[in-house]
Amino acid sequence: MAWFKRSKENISPDGQKKDIPDGMWTKCSGCSDIIHKKQLEQNLFTCPKCGYHFRIGSKEYFEILLDGGKFREMDKKMQSVDPLKFKDTKPYAGRISASIKKTKLFDAVRTCEGAINGIPVVVACMDFAFIGGSMGSVVGEKIARAADVARKKKQPLIIISSTGGARMMEGALSLMQMAKMSAKLAQLSDAGVPYISVLTDPTTGGVTASYAMLGDVHVAEPAALIGFAGPRVIKQTIGKDLPKGFQRSEFLLDKGFIDLIVHRKDMKETITKLLHHLL
Amino acid sequence: MAKVTLDFEKPIIELEQKIAEMRKYADNLDIADEIATLENKVDQLRQNVYSNLTRWQRVQLARHPDRPYTLDYIPLITEDFIELHGDRRFGDDKAIVAGFCKLNKETVLIVGHQKGRDTRSNIYRNFGMPNPEGYRKALRLMQLAAKFHRPVICLLDTPGAYPGIGAEERGQGEAIARNLFEMSHLPTPIIVVIIGEGASGGALGIGVGDRILMFENAWYSVISPESCSSILWRTWEYKEQAAEALKLTAPDLLEQGVIDRIIPEPMGGAHRNPQMMAQTLKEILIEELKALKKIKTDRLVQLRVEKFSKMGAWKE
Ligand SMILES: [Zn+2]
């Protein structure tokens, strides 16, 4: 139901902005240390002192994972068409064009072909900056097609999630993307092609209830919020405070829903190792 | 007669009561003309109200406390029902019921959300909000049905998957995701019917199938109007606007290509005549099942994937 409680743009669960900062110096949300932009970049946007992972997008993640930062993007310009002519306090069409202008992205996921340490792969990476990384028809279709390409070319699929859940401005059509993508992943699985799901902060709602939790292997960044219902909704429902560390990567590891937690700096090597075992 | 009356039902039900009252004296008094006039009036009123329902009014009908639930339909449309319990992993979720029964003399598995009728039964049924073990029970039994080549019928009626600590600990997201994955290639016919509330992933978790049917006054969307209102308008007050914006009624969803067919309800909604509603449901299920059984399993699964692949709207 309420997957969108937390999908306001760029606002983290604790209400602080935590996207990549613009200035030269940044205060770490983990330890309050001041970090220089260069140092942050070299450290793949994690805090050198406390290991806090700043939220990044597809641009950074493609750079981190893919050999030489090179890739061939698929369905680059696919865009939403506002099928419901949805309007709340603002028209959805306006939200889309404003987001495109602001983020220079066309929607909340980018998909590509590239190589990881020489292994040809298909990668999809979500962009939380685009309407809270919300999943509607475009995300659904792009991921479905990426899964098709992976299946036909027998190349492993890697999906990096960062999302508040399904996009409510496309109503039931957003919901149906969950079924569509899950069906495509079932086909991929039946074809014996590996799929690695990478969960980053945050991964909630309809994405958790579809592709994020359907990997052959689930790899999470440290301390990422991962869950179906958002913490605020749960708190409202049960009327109690939530236990410390609830719905964080470490909690999910303990409960058995992710395979391993990996620091961003080790992500590429870990995925490589996994793929060598599976291919 | 309805125990609970919605605002827009009131004038109709009041008139109906008046007519019923007058009938008692009709033998002694010469009021047949008056009754006839009132009956005309109530007919017109019904036509007016029920052919111009707003989306929010349909949501209210879908949630009507007298509306029939899964366990009300099963004895009305099938025989030899035997309920089966548990996910073999954690427990038995009372918000989802499942079991084998005979529909038109043939065995089918029925899986459905189940709400309670009063406070006590609602607590027992968790208000029709499943935990992960509910989805896992559903999957276990659907796979059992497939193993013995029995078709599956899913009846959707939930305000959502339960947002609780235990649900998260036991992987609510994973449970729903797994069902979508497995249902998409389950080698047996699946008919899905949205009979009441189809709230987001909690509904879809048993909602992937070959034919998606929807009751005339049911709703189905990615979020409830209230939650949508609270997020986008930052107050619960805009639920009516949210219902309009979400385009969540059966006619809306037929247009969007999300459902295949609308199942008509008796005038005033399923709760006004559960027997008639059940009869309609039964006839349509038999007809749909007959058509699906003609399709070879491999082809059926292929068509199912294609069906969901087409959903959505985008430009390139
Ligand atoms: Zn730090």
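Domain bounds come from an automatic or database domain assignment. The model is predicted: local features need pLDDT of at least 70, side-chain atom pairs count only at pLDDT 80 or more, and totals for chains, interfaces and linings use all residues. Residues are numbered from 1 along each chain as its sequence is written, with chains lettered from A and ligands numbered from 1 in the order in which they are written.

**View 1. Chain B is assigned domain 1 and domain 2.** Domain 1 of chain B covers 8-52, and domain 2 covers 58-309. Their centres, taken over C-alpha atoms, are separated by 36 Å.

**View 2. Strand S6 of chain A pairs with S5(A) and with S7(A).** Strands (E, at least two residues) and helices (H or I, at least four) are DSSP runs, numbered from the N terminus. Two strands pair if DSSP finds at least two bridges between them. S5(A), residues 109-116, is antiparallel to S6(A) over 8 bridges. Here A:Arg110 stands opposite A:Cys125. The hairpin of S5(A) and S6(A) has 2 residues between the strands, and A:Asn117 takes a positive phi near 45°. S7(A), residues 157-163, runs parallel to S6(A), with 4 bridges. A:Val123 has A:Ile158 in S7(A) as its bridge partner. From S6(A), the chain crosses through helix H4 (residues 137-153) to S7(A) in a right-handed β-α-β crossover. Right-handed means that, with the strands pointing away from the viewer, the path from the first strand over the helix to the second runs clockwise.

**View 3. B:Arg272 lies in a loop of chain B.** The loop falls between strand S8 (261-263) and helix H13 (274-293). B:Arg272 is buried because 23 other C-beta atoms lie within 10 Å. The cut-offs, for C-beta atoms placed from the backbone, are 20 or more others within 10 Å for buried, 12 or fewer for exposed, and partly exposed in between. B:Arg272 touches B:Pro266 and B:Met267, leaving aside residues up to four places away in sequence. Contact means C-beta atoms, placed from the backbone, within 7 Å. The C-alpha atom of B:Pro68, 204 residues apart along the chain, is 9.6 Å from that of B:Arg272.

**View 4. Chain B meets chain A.** On chain B, 50 residues are in contact with 57 residues of chain A. Helix H8 (residues 172-184) gives the most to the chain B side, with 8 residues. A:Gln79 is the bridge partner of B:Lys315.

Conventions: Two residues are in contact if their C-beta atoms, placed from the backbone, lie within 7 Å.
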